[in-house]
Amino acid sequence: MLGNLIGVLFDGIAYGSLLFVISIGLSVTMGLMNFVNLAHGAFAMLGGYACVMAMTRLGVPFLASLPIAFVVSAVAGSVLEGTLYRRLYKATHLDQVLFSIGLVFMSIAAATYFFGPQQQPVKLPSLLRGQVHLLGLDFGAYRLFLIGVVVAVTLALTWLIERTRFGAEIRASVDNQQASAGLGINVDRVFSLTFALGSGLAGLGGGLGIDVLGLDPTFPLKFMVYFLLVVAVGGAGTIKGPLFAAVILGVFDVAGKYYAPQVGSFIIYVVMVVMLLLFPNGLAGRRA
Amino acid sequence: MSVALRTIGLSKSFGAFRANADVSLSFAAGARHALIGPNGAGKTTFINLLTGVLPASSGEVYLGDEKVSTLPQHARVKLGMTRTFQINTLFPGLTALESVVLACCERSGRGGVWWRPALAERAAIDEAGEILSRLKLDRDAHTVTRELPYGKQRLLEIALALATRPKVLLLDEPAAGIPSAESAELFAVIAGLPRQVTIVFIEHDMDIVFRFAERITVMVGGTVLVEGTPDEIARDRRVREVYLGEAAHG
Amino acid sequence: MSPLATWKFSRLEIAFWLLPIAAFFLFPKYLTLGSQILITALFALSLDLILGYARIISLGHAAFFGLGAYTAGLLAKYGWGEPLSGLLLATAVATLAGLLTSFLVVRGQDLARLMVTLGIGLMLYETANQASSITGGVDGLSGVEMGKLFGVFSFGLDGRTAYVYCLVVLFVVFLFARTLVRSPFGLSLRGIREGEKRMPAIGASVSRKLVAVYTVGAGIAGIAGALLAQTTQFVGIDSFAFHRSADLMIMLVLGGTGYLYGGLIGTAVFMLLQSYLSSLNPVYWQFWLGLLLVVIVLFARGGILGALAALRARIKRGRR
């Protein structure tokens, strides 16, 4: 019984970690540009397909394809930000929602056209398959790997945000755009780089998630709720908030599906509504 | 003389920053009371606390005999306390007439009527027209607010407040951004308001303050420095220090 | 926009309403499609009140559509086939649901609202999926048998009764919406849209008004759903699907929000295009749809009616 509980918790944390890696970019860009980007999942999907392409066409091993996913999505993010997103920073949230839904539809259609509607299989390296025996219990190796990656990413991000000058510029711009520009911070460049970073992380998450979440053209829509949820409940513009929210969400989702499969998905939405009622500005309390 | 508006120990902190610290003031009915002080003294915050735009960290607000400290902004307006904003907070896409009609309908409780056209609300439309005339905006009644020149928008600010038939009117720098020649005109309108209305206004132009105020409160750094008649304030050493001190640095 | 408007229907409006009447006589073979367009137009009208007038971003408006559809469908399936009373009851259910959820929606900022509306839509979809013994799950609710309208007109395969039924209901509800929008309440909605910060300062409770308009919007969406169930004698689970909410937003934005007619026009254009194009290749349709949305947002924010209004303003300015 306890073993099951730990197993569920572990799975939930791994799942939540994956959601975090994908969603953290959304949190930062939402907090920074106040832009509701429903198309964030499309960058994750792009990363996933980049992984698949790298593995099947270029013969690159899985682990090496992950950085490729990051780069491809980061570049795509950078290009789209400069040409399209930038024009809508001052637009209403409704316009941003419509625009990003449009991008989602286009990305789904493009993915279907190029890759077909089926799920993409992924060949994990033997290192990451199977179980690892720890503390008397068996843990999935891949899930351990996921948690490890997320810990590394979180540490790297925290270091970036809190110790580097660029991180300071991000924090300043999130706090007060006008004042930051007045101080000589190139806010445009901060936006551009941050968006690229966020998209890149999403792409990385997309690649990592092929095994856990699956990869097919409907990915951006299927998981859109989850990414938005993590940011809305966690609070846009922070790192810790979405981390907690993602883990909570992951655990509840896995636990729900395991213990009460009839109402599994239901639980997430109820949890979300309850949390939004209690913390209308997110766990971290920042204005969304 | 009855007290129209009163605060007891009103405070507001933003983290460690105390925007308003323990402000206890009372305003007599029918007063013409100016609230002055250097920038950042907490005057607008005080008005935000009075009207309920900001929740107080501690303290109470009494409108007449009623404690309104926990009431939302619109409820306080219904009880008779209205304010204008330092930065124009109007309805850019509505005409001047539509804006004031809206305010009149809300005041008379007709804001929820959905079964008749707004055009049929003759009482509200007439009242709105009369308010606009009083403020010399009648020729601009059908001009969309965003197309009105700034000075007229400032007058519309006041028109909207008047439409609520306030017992207590809080004016936050009503003449902000208006050249002195025109602002005298604006204040003449304010001076022409019924005697029973209690008027509290924030103002930086000392000429206007000394011309229209019957009582002055000076706020500095979130607290009340001194209160008195215009003569007393003009002669007060501390007040001069505060303003001259500003001039020496600024 | 124009100064306080009047009761009367302008000539353009009268011409507009003659179109569906003409279509009844001119296209007797396409009445089923016609009914679908009328129903979706009604649905779009309900969203216009919420989105165009009250600026509440809702990604789950299909929730109320589905509730209306399933209520009407279940009533008919289990013996109560009288159309009008079924319609009324379905409307009541949707309205009540709207009222209950409105309190969640008026709190919080845009993102929270979006999440809550999205979440509610998804929850209802899941519920309909899980409760398949009642709702038929993914297969949908069949066996919906409608009685005769007024005891005289039966819903036949030619679709004539259905079409007239839908058209009359649409028009009646439209009259209601039009009255609402031109009333003092409608003016206060415009006030919220134009200057939300000033509304409490003139004594108006913004959240109470938003609750009212959201509830009305939910009820009207329920009417549309009920009409669908009654005229097609079937309720699919896609009544609750996200793409229904998303497509609806596109139709409304295409026509132009905040005009009441925008949803009607946008729906007609969208659905006519869709019936031609998506049968060719659904993937292409989705792509062009996405592109259309991006283009509208970037270049033609007011939709069709917005572009026409801008054109009219430019002509007027040119004449002066």
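This is a predicted model: local features need pLDDT of at least 70, side-chain atom pairs count only at pLDDT 80 or more; totals for chains, interfaces and linings use all residues.
Reader: Which chains share the most contacts?

Author: Chains B and C do, of the two pairs of chains in contact. That contact takes 27 residues from chain C and 35 residues from chain B. On the chain C side, helices H7 (160-182), H8 (184-195) and H9 (198-201) each supply at least two residues. Helices (H or I, at least four residues) and strands (E, at least two) are DSSP runs, numbered from the N terminus. H8(C) gives the most to that side, with nine residues.

Reader: How do the residues of chain C that touch chain B divide by class?

Author: There are 13 nonpolar, nine polar and five charged residues. Here Ala, Val, Leu, Ile, Met, Phe, Trp, Tyr, Cys and Pro count as nonpolar, Asp, Glu, Lys and Arg as charged, and the others, Gly among them, as polar.

Reader: And how many residues does each chain bring to the contact of chains A and C?

Author: Chain A brings 34 residues and chain C brings 32. On the chain A side, helices H4 (93-115), H10 (224-234) and H12 (264-278) each supply at least two. H4(A) gives the most, with 17 residues. By class, that side of chain A has 27 nonpolar, five polar and two charged residues.

Reader: Now helix packing. At what angle do H7(C) and H10(C) cross?

Author: The general idea is that two packed helices are described by the angle between their axes and the distance between the axes. Axes are lines fitted to C-alpha atoms, for helices over the stretch in contact, and angles run from 0 to 180 degrees between N-to-C directions. The axes of H7(C) and H10(C) (residues 206-232) come within 11 Å and cross at roughly 175 degrees. That makes H7(C) roughly antiparallel to H10(C); angles under 35 degrees count as roughly parallel, over 145 as roughly antiparallel, 65 to 115 as roughly perpendicular and the rest as oblique.

Reader: Which residues of H7(C) and H10(C) meet?

Author: From H7(C) you have Ala162(C), Tyr165(C), Cys166(C), Val169(C) and Val173(C), and from H10(C), Ile220(C), Ile223(C), Leu227(C) and Thr231(C). They divide into eight nonpolar, one polar and no charged.

Reader: How many residues of H11(C) are buried?

Author: Here "buried" means 20 or more other C-beta atoms within 10 Å of a residue's own, "exposed" 12 or fewer, and "partly exposed" in between, with C-beta atoms placed from the backbone. In H11(C), 12 of its 14 residues are buried, including Arg244(C) and Asp247(C). The helix runs over residues 242-255 and reaches 20 Å from its first C-alpha to its last, close to the 20 Å expected, a span of 1.5 Å times one less than its number of residues. Next comes Gly256(C), whose phi is positive, near 115 degrees.

Reader: On to chain B: what is the strand order of the open sheet?

Author: Strands of a sheet pair through backbone hydrogen bonds, either parallel or antiparallel. Two strands count as paired if DSSP finds at least two bridges between them. The six strands have the order E7-E8-E9-E4-E10-E11 (chain B), with mixed pairing. The edge strands are E7 (81-84) and E11 (223-228) of chain B, each pairing on one side only. The twist averages 20 degrees from one strand to the next. Helix H5 (residues 150-163) of chain B packs on the sheet, touching E7 and E8 (168-172) of chain B, and its direction makes about 170 degrees with that of E7(B).

Reader: Which pairs run parallel or antiparallel?

Author: E8(B) and E9(B) run parallel, joined by five bridges, with Val168(B) partnered by Thr198(B) in E9(B). E4(B) (residues 32-36) and E9(B) pair in the parallel sense over four bridges, and Arg32(B) has Ile199(B) as its bridge partner. E10(B) (residues 215-220) and E11(B) are antiparallel, with five bridges, one partner pair being Val218(B) and Val226(B).

Reader: Which way do the residues of E9(B) point?

Author: Thr198(B), Val200(B) and Ile202(B) point one way, Ile199(B) and Phe201(B) the other way, and all are buried.

How values were computed
Residues are numbered from 1 along each chain as its sequence is written. Chains are lettered from A and ligands numbered from 1 in the order in which they are written. Two residues are in contact if their C-beta atoms, placed from the backbone, lie within 7 Å.
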